[in-house]
Amino acid sequence: MRLTGKSLLILFAVGAGFGLIGDHAAVHSGATRYLDTGGVPFILDSPIFFPVMVGLATASIGELRLHLAPPRPGDFWEGLAAAASVLGIYLLTSILTDESTSTATAFIACLAALVLVRFGDGRPAMICGAIAAVLGPVVEMIEHSAGIFEYTDNVDDLFGVGPWLVPLYFAFGVVAARLGELLARGPSGRRASAA
Amino acid sequence: MRLTGKSLLILFAVGAGFGLIGDHAAVHSGATRYLDTGGVPFILDSPIFFPVMVGLATASIGELRLHLAPPRPGDFWEGLAAAASVLGIYLLTSILTDESTSTATAFIACLAALVLVRFGDGRPAMICGAIAAVLGPVVEMIEHSAGIFEYTDNVDDLFGVGPWLVPLYFAFGVVAARLGELLARGPSGRRASAA
Amino acid sequence: MRLTGKSLLILFAVGAGFGLIGDHAAVHSGATRYLDTGGVPFILDSPIFFPVMVGLATASIGELRLHLAPPRPGDFWEGLAAAASVLGIYLLTSILTDESTSTATAFIACLAALVLVRFGDGRPAMICGAIAAVLGPVVEMIEHSAGIFEYTDNVDDLFGVGPWLVPLYFAFGVVAARLGELLARGPSGRRASAA
C-alpha cells in the first residue's frame, strides 16, 4: 500500500461523508428513492452500505492513483478545492433533476472537464476517472435491478439510472486520485506551494 | 486607515451596486419580500438603507483585512474575478429559491470554499469571511424580527432567514478582503502580475 | 490567413458541434422554437444553417484574434477548459429559461467575466468578445424578425431574443479567440506549459 492507514481512513471518511450529503440531496430532490434496502440501518437518508461503498471507492482510487504515476505536490487548499468541486457537482445533479436530462448531462460533462483540467494530470487522472465512470454507474444499475432504489422517471434513461452519473463519477475519480496524491508521503508528495 | 478615501469609496460603490443587483434578484425570485421599511425611499427594489449597509460592510472588511496581514499583489483582473464570483453566488441563492434549502446551502458552501481557495490567503481571509458569515445573517435576523422583510417559506429556516446566507456572507467577506488588498497602496500592494 | 486550413476546420467543427448541443438544449428546454426555416434539412434539433453559422463565427474570430496581437502559448488542456466553459454557459442559458430573465442575464454576465479573466488577455480578448456580443444577438434578432424562430415569452426581452445572449456571445468570442491562439503555428504559439 502506498497510503498509510491514516490516509486511507481520511479518504474513506471524506468519501462517506460526501456520499451522505449528496445522497440526502438526491432523496430530498426526488431524484432517487430507496425501495427495498433489506432492513439495514439508515444514516440520514442513506442505507448504511451507501456511504461505506463511496468511502471504499474513494480510498481505493486514491491508492490506485499512486500506482500509476508519482504524486504531484499540493497542499490542504488544493484538496479542499478538489473536494468542494466534486461535491458541488454531485449536489448539482439533484438540483437539475427536473431539467432536460440530456442538457443536465452535457452540463455536468462540461464541469467534469473543468475538474479534469484543474485537478488532473492527464493520463493517470483520466484512468482513475474512467474507471469510476464505468464502475460507479454499473454498480448503481445492479442495485437498481435488485430493487434497492429507483431514479425518478426524468433521470432514469441509462438502464434505470441517471445518465449524468457518468460524468459525475468521472469527476469523482479525478478528485479521489488528486486527494490520494495529496495524502501520499515522501519528499515530493507532501509539502509544496500549490493551490 | 490603511485605505485612502478614494479606495474606500470604490469599495462602498462596488458593495452597494452589487447589493442592489442581488436584492433585485432576491425580490424578483420571491426569495425575499419587503414588508415595513419605514417609508424610506427605494432604489430599484431595495430600501435605501440596504445598499448603504452592504457598501459600508464591504469597505469595513476591506479596511479590516489590511490590519490583519500585509496585502498580496494583484491586478484589476483579479478583482474583477473576485467580484464576479461573489455576485454570481449571490444571484444563485435567488435562482435556487425553489430547491431544497439544505441542498442549496450545501451547494453554496462548496462555491464559498472555492472562493476561499482561489482568492483567500488562509487565516486573514478566513477571519474576514467568518466575521461576515456571523454578522451578516445576524443583522438580517434582526431586520426580520423588526418586520422589515421576510424570506419566503422555503428559505427561512435559519431564524427567519436563508441558511445559505452563512456561506454567501462568508464568500462576501473573503472577496471584500481581497478587494481591500488590491486597493492598498504601497510598494508591494499595487502593481503585480497576478490574475 | 494566420490559421492553416486544418486549424480553421477544427475551429469550425468545434463551433458547429457545440452549436448543435446548445441548440438541442435550447429547443428541449423550450427557450427557443423554430418556426419557418424554409424547409432546409435539420441536424438534431437545428436547421442546417445554424451549426454552419456558429462554426463560421468560431473560425472567423479565431483568425481575427491573431491579427490583433501575438498568440500566447497554451496546450490542449487549456483549450479543453475554455471550450467546456463556454459550452457550460450556453447550456446554462437553457437551464435558466424559467428564472427571472434579469437575474439569469446578470448571472451569465458574472460567468462571462470569469471566462474573460481566465482565458482572455485584456484588450484583444475584449475586442473579440465585444464583436461577438454585438453581431451574435443582432443576427438572431434579424432571424427572429424573419420569422425563423422565436424565444419563449420569458426570455424575449431584447428585441425578441434572450438578453443573456449578450454575455453568452461575449464569452463565446473570448473562447474562440483563445482557441485561435492555441491553434496558431510558430515558435511561440504552439508548445508551452500552460493550463
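Mentor: One term before we start: two residues are in contact if their C-beta atoms, placed from the backbone, lie within 7 Å. Also, this is a predicted model.

Trainee: Fine. Which residues of H3(A) meet H4(A)?
Mentor: On the H3(A) side they are A:Ala82, A:Ser85, A:Val86, A:Ile89, A:Leu92 and A:Thr93. They meet A:Ile108, A:Leu111, A:Val115 and A:Phe119 in H4(A).

Trainee: What classes of residue are in that contact?
Mentor: Eight are nonpolar and two are polar, with no charged residues.

Trainee: And at what angle do the axes of H3 and H4 of chain A cross?
Mentor: At roughly 175°, and the axes come within 11 Å. Angles over 145 degrees count as roughly antiparallel, so H3(A) and H4(A) are roughly antiparallel to each other.

Trainee: What does A:Ala171 touch?
Mentor: Leaving out residues up to four places away in sequence, A:Ala171 touches A:Val86, A:Ile89, A:Leu111, A:Ala112 and A:Val115.

Trainee: How many residues are in the largest nonpolar core?
Mentor: It has 194 residues. A:Ala171 is among those with the most contacts inside that core, along with A:Val175, B:Ala171, B:Val175, C:Ala171 and C:Val175.

Trainee: New topic. How many residues of chain C are in contact with chain A?
Mentor: There are 17, and they contact 12 residues of chain A.

Trainee: Which elements of chain C give two or more residues to that side?
Mentor: Helix H1 (5-29) and helix H3 (76-95) of chain C. The largest share, 11 residues, comes from H3(C).

Trainee: And by class?
Mentor: The side of chain C that touches chain A has 11 nonpolar residues, six polar and no charged.

Conventions: Residues are numbered from 1 along each chain as its sequence is written. Chains are lettered from A and ligands numbered from 1 in the order in which they are written. This is a predicted model: local features need pLDDT of at least 70, side-chain atom pairs count only at pLDDT 80 or more; totals for chains, interfaces and linings use all residues. Helices (H or I, at least four residues) and strands (E, at least two) are DSSP runs, numbered from the N terminus. Ala, Val, Leu, Ile, Met, Phe, Trp, Tyr, Cys and Pro count as nonpolar, Asp, Glu, Lys and Arg as charged, and the others, Gly among them, as polar. A nonpolar core is a set of buried Ala, Val, Leu, Ile, Met, Phe, Trp, Tyr and Cys residues joined through C-beta atoms within 7 Å. A residue is buried if 20 or more other C-beta atoms lie within 10 Å of its own, exposed if 12 or fewer, and partly exposed in between; C-beta atoms are placed from the backbone. Axes are lines fitted to C-alpha atoms, for helices over the stretch in contact, and angles run from 0 to 180 degrees between N-to-C directions. Angles under 35 degrees count as roughly parallel, over 145 as roughly antiparallel, 65 to 115 as roughly perpendicular and the rest as oblique.
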